[in-house]
Amino acid sequence: MNTLKIVSVFIMMFSSITKAQDITDFKWNNRLIILYENNNNVAEVKSAVEIIAKNSAGLIERDVRVFVFKNNVFYSSNGQALEIINSNTLPKVYNGYILVGKDGGIKSKKSYPFNLNKIFDLIDSMPMRKSEMRTNR
């Protein structure tokens, strides 16, 4: 009987861990940069990922998470497929990159080439970010 209880607890724990996350679950916690990749812009996305890797401190400071969206699948910037569902918040196809604010709204849609400095400037001009900077988060 105790074995059955233990197995049941493990099943409940792991089922919640492996449950797919919705893109809207990041709302109020993170800003998102979504890099859309297709057959025509692989080099641009690779370049963007390299720029992002060199600027991780600025991304962390601004609570930014970065995903590559390719063939209806979200990937981490290191290429690992993630179980995240796009719940009609973002376009299914786009030839560029998108910035999503902490409120879940699309703040910017730009074509490549990727410009992280402009994204940082835009984020830093937002009222929520200004408040974060004042409180020295």
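Biologist: What makes you say that helix 2 lies across strand 2 and strand 3?

Modeller: In this predicted model, contact means heavy atoms within 4.5 Å. Helix 2 lies across both strands on that basis. Its direction is about 150° to strand 2.

Biologist: Which strands does helix 4 lie across, and at what angle to strand 7?

Modeller: Helix 4 lies across strand 2, strand 3, strand 7 and strand 8. The angle to strand 7 is about 20°.

Biologist: Why are strand 5 and strand 8 called edge strands?

Modeller: The open sheet has six strands in the order 5-4-3-2-7-8, with mixed pairing. Strand 5 (81–82) and strand 8 (106–110) each pair on one side only.

Biologist: How do you know that strand 4 and strand 5 pair?

Modeller: Pairing needs at least two bridges. Strand 4 (residues 73–75) and strand 5 have two bridges, so they pair. The sense is antiparallel. Tyr75 stands opposite Ala81 in strand 5.

Biologist: What makes the set with Ile33, Leu35 and Phe114 a nonpolar core?

Modeller: Core members are buried, under 20% relative accessible area, and joined through side-chain atoms within 4.5 Å. The largest such set here has 19 residues. Ile33, Leu35, Leu59, Val66, Phe114, Leu116 and Ile119 have the most contacts inside it. Strand 2, helix 2, strand 3, strand 7 and helix 4 each supply at least two residues of this core. Apart from it lies another core, of 13 residues, including Phe26 and Tyr94.

Biologist: Which residues is Leu35 in contact with, leaving aside neighbours within four places in sequence?

Modeller: Among them are Val45, Ala48, Val66, Phe67, Tyr97 and Phe114.

Conventions. Residues are numbered from 1 along each chain as its sequence is written. This is a predicted model: local features need pLDDT of at least 70, side-chain atom pairs count only at pLDDT 80 or more; totals for chains, interfaces and linings use all residues. Side-chain values use heavy atoms; hydrogens and water are left out. Buried means under 20% relative accessible area, exposed over 50%, partly exposed in between (1.4 Å probe, protein chains only). Helices (H or I, at least four residues) and strands (E, at least two) are DSSP runs, numbered from the N terminus. Axes are lines fitted to C-alpha atoms, for helices over the stretch in contact, and angles run from 0 to 180 degrees between N-to-C directions.
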